[in-house]
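Please keep the sequence and the model at hand while working through the numbered points.

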Amino acid sequence: MKDIIIGSGISGLTVAHQLSKNKNFEIEIYEKDNLPGGMAKSIRIKPNNVPTEHSWRGYAPFYYNLFKLLKEIPLQSEGYTIEEIEKHNNEDDMWTHYKGNVYDLTKFVKNHPGGNVILRAAGKDLGKVWEEYNVGWHEMNENVMKLLENYKIGKVKNNATLYDNLNHNKIDFKLLFNKMHDINHKLDFNFYDHIYLFLLFGKVILSYKKEEFFKVRLDPLLKKNLSKNAYHFVADYLAGPGFGFDKNSMSLGHYAYFMEFVLFAGNWKVMKMPTSEGWIDPWVQYLKMKNVKFHFNSELKSINYKNKKITGLDILINKNIKKIYADDYVFALNPFNFHDILKESNLMKMAKPYESLNIVNNQISFRLAFNKKINFNNKNTGFVLVDSPYNITFYAQEDNWDDDIKLDINGKIKTLISGTIIQPYNNGILFKKSALSLSLDELKKEIFAQFLACENFTNFMKKSNVKKSNLIFSEIYNDWYEQDGMLKTKNKKWVNNFLNEEYRPTQKTDFKNMYISGSHCRTSIKIWSMESAVESGIITSNLLLDKYKYENIKIHVHKSHLFIQILKFFYNFYYIFIIIIITFIFS
């Protein structure tokens, strides 16, 4: 079966990944951009070669489907496997390995001061042998290390996967204030705040019918019922910087869902390198090895159909329209772009729900680069400028990435801040305008001004002897451009809100050979995220596997923790009991 996937974002790549496990599927991906990854990709800006992406991204502890997928993709590495090394295990052919390097000690065996005792390490891990026989002093001996280096022949080919490209240290979050505070300072909740939040979110989490809460706008409830400090924490820190919601349109239901998942999960993670370098690029190379074909700079213009069946697609390639055909078609597109395609194809009934789904969260990503190191004293930490009008969140990438990742501008960058404007609609402090009303140059100045207004941040600068003049590069992610005095984005960011849950499409359509995939589709996690993109991709794949009667891919279905399920039972039983009693009394 030939399957065409439109879009090479996380969801489209997931469909290709799952279907490529079955040799009966011939898979081709068409992508309008020149690079894969969609809104998750990272790029390097030429000529400065600075890594940049749509936003710095955290990997939540409940991204079970995503983590499983990463573990299925091997890291390509050159060298010798352990199995190969173990075959060289005698005095005429002796290899060993130590700290990832492989050594051929065959010529050294007869010259070893300890005689044939060296053969204990034949084909084995030399460090473990030294430890086993209590001769660990070898590791501290400079002459031994120099001698060993003379016999190095290569590296151990590891069995690592892309999951190993994640930084598995706990990601912490700190709040930075305009007026000096200890960065471990927390926004205090009063007794009433705790009670109100417990009752508010508890009511949602314990309910079997969450749909009604997806239509409730949360921000007015928080403003009305919380103290200033508690509102600051829940709405300005957790909502956008922490959970990725748009504060102004987030729903009670989605927020409570996220709270429930976080409550019973572990630590957040980040990638140890730019996203494309650590995930997307090696994933695409792996898929190519599995015979998945990629067509970049190929934009879908319209869908051809007849009697509820797709009969072909019109793709713009090199300024020419090309008609392409397949047995099945998967549309893994941004919902805004897909809406336009559906209208162009006169699929008005299918396009209609997308008009209600089209609610945008225009968060803006940026980079600030310094030629001196700002010592934040907090590795694996994300920060929030809670007093900034734009509600800025950021992290220092060099504190979270591997040491060999270039930052760059010819090695001059010592601190590279990757940040996101969460609330671009608020007026700034320098130009007194919203982020979307500024030019790109003005926005760069406004962002830095909001950093400098934060005493906690400038205190880090002072202690590190970093001055304003040490800022040598600033950048707004290239999704953004100026038009008619306003900033516009090439790729709008869809996000859950109180208006759109009921309009989210399923992966299956009324057409026999048409499927949809993406984080905007219905999933068990119900929250726009990388995890929902992967889950949606697996759901779509299983629909195709079902169609041709092949075994399904295992999927993690997100549901309440057992403890919450027990509480739900008693909570809902209590209300049912009350209703029965009232009915009996008044009947």
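1. In the hairpin formed by strand 22 and strand 23, two residues lie between the strands, and Asp-484 takes a positive phi near 55°. The model is a predicted one. Strand 22 covers residues 480-483 and strand 23 covers residues 486-489; the two pair in the antiparallel sense over four bridges. Gln-483 has Met-486 of strand 23 as its bridge partner, and Glu-482 has Leu-487 of strand 23 as its bridge partner.

2. Which residues of strand 23 form its covered face, and which its uncovered one? Leu-487 and Thr-489 make up the covered face of strand 23, while Met-486 and Lys-488 make up the uncovered face.

3. Asn-291 is not a glycine, yet its phi is positive, at about 75°. Asn-291 is found in the loop between helix 10 and strand 12 (293-295). Because its relative accessibility is 63%, and exposed means over 50%, Asn-291 counts as exposed. Asn-410 also has a positive phi, near 55°, and is a residue other than glycine. Asn-410 lies in the loop between strand 19 and strand 20, and its relative accessibility of 73% is the reason that Asn-410 counts as exposed. For context, most residues other than glycine have a negative phi, and most peptide bonds are trans.

4. Lys-46 and Pro-47 are joined by a cis peptide bond with omega of about 5°. Pro-47 is found in the loop between strand 3 (42-45) and strand 4 (50-53). A cis peptide bond also joins Leu-407 and Asp-408, with omega of about 25°. Asp-408 has its place in the loop between strand 19 (392-396) and strand 20 (415-421).

5. Is Glu-28 buried or exposed? Glu-28, which lies in strand 2 (residues 26-30), has a relative accessible area of 7% and is therefore buried, since buried means under 20%. The side chains of Glu-28 and Tyr-30 are joined by a polar contact of 3.3 Å. When residues up to four places away in sequence are not counted, Glu-28 touches Lys-2, Asp-3, Ile-4, Ile-5, Lys-293 and His-295.

6. Tyr-133 is found in the loop between helix 4 (126-132) and helix 5 (142-149). Its relative accessibility is 36%, so Tyr-133 counts as partly exposed. Tyr-133 and Arg-120 are 13 residues apart in sequence, and their C-alpha atoms are 9.5 Å apart in space.

7. Helix 1 is mostly covered, with ten of its ten residues buried. Among these buried residues are Ile-10, Leu-13, His-17 and Gln-18. In helix 2 (residues 64-71), the buried residues are Asn-65, Leu-66, Phe-67, Leu-69 and Leu-70. The elements that cover the buried residues of helix 2 include helix 1 (10-19), strand 9 (166-167), helix 10 (275-289) and helix 15 (530-547).

8. How many cavities of 30 Å³ or more does the count give? The count comes to two cavities of 30 Å³ or more. The largest cavity has a volume of about 60 Å³. It is lined by 13 residues, of which Glu-53, Arg-57, Met-273, Thr-275 and Tyr-395 are the closest to its centre. Sorted by class, the lining of the largest cavity has eight nonpolar, three polar and two charged residues.

9. The second largest cavity holds about 40 Å³ of space. Its lining consists of Gln-18, Asn-65, Lys-68, Leu-69, Glu-72, Ile-538 and Lys-554. Helix 2 gives the most to the lining of the second largest cavity, with three residues. By class, the lining of the second largest cavity has two nonpolar, two polar and three charged residues.

Methods
Residues numbered from 1 in each chain as written. Predicted model: local features only at pLDDT ≥ 70, side-chain atom pairs only at ≥ 80, totals over all residues. Heavy atoms only, no water. Buried < 20%, exposed > 50% of the residue type's maximum accessible area, 1.4 Å probe, protein only. Contact = heavy atoms within 4.5 Å. 1 Å grid on protein atoms, 1.4 Å probe; cavity = no way out; pocket = protein on both sides within 12 Å on 5 of 7 lines; lining within 4 Å. Points joined across faces, edges and corners; volume = space filled by probe spheres on them. Nonpolar A, V, L, I, M, F, W, Y, C, P; charged D, E, K, R; others polar. Pairing = 2+ DSSP bridges. Polar contact = N/O pair within 3.5 Å; in protein donor to acceptor, adjacent residues only side chain to side chain.
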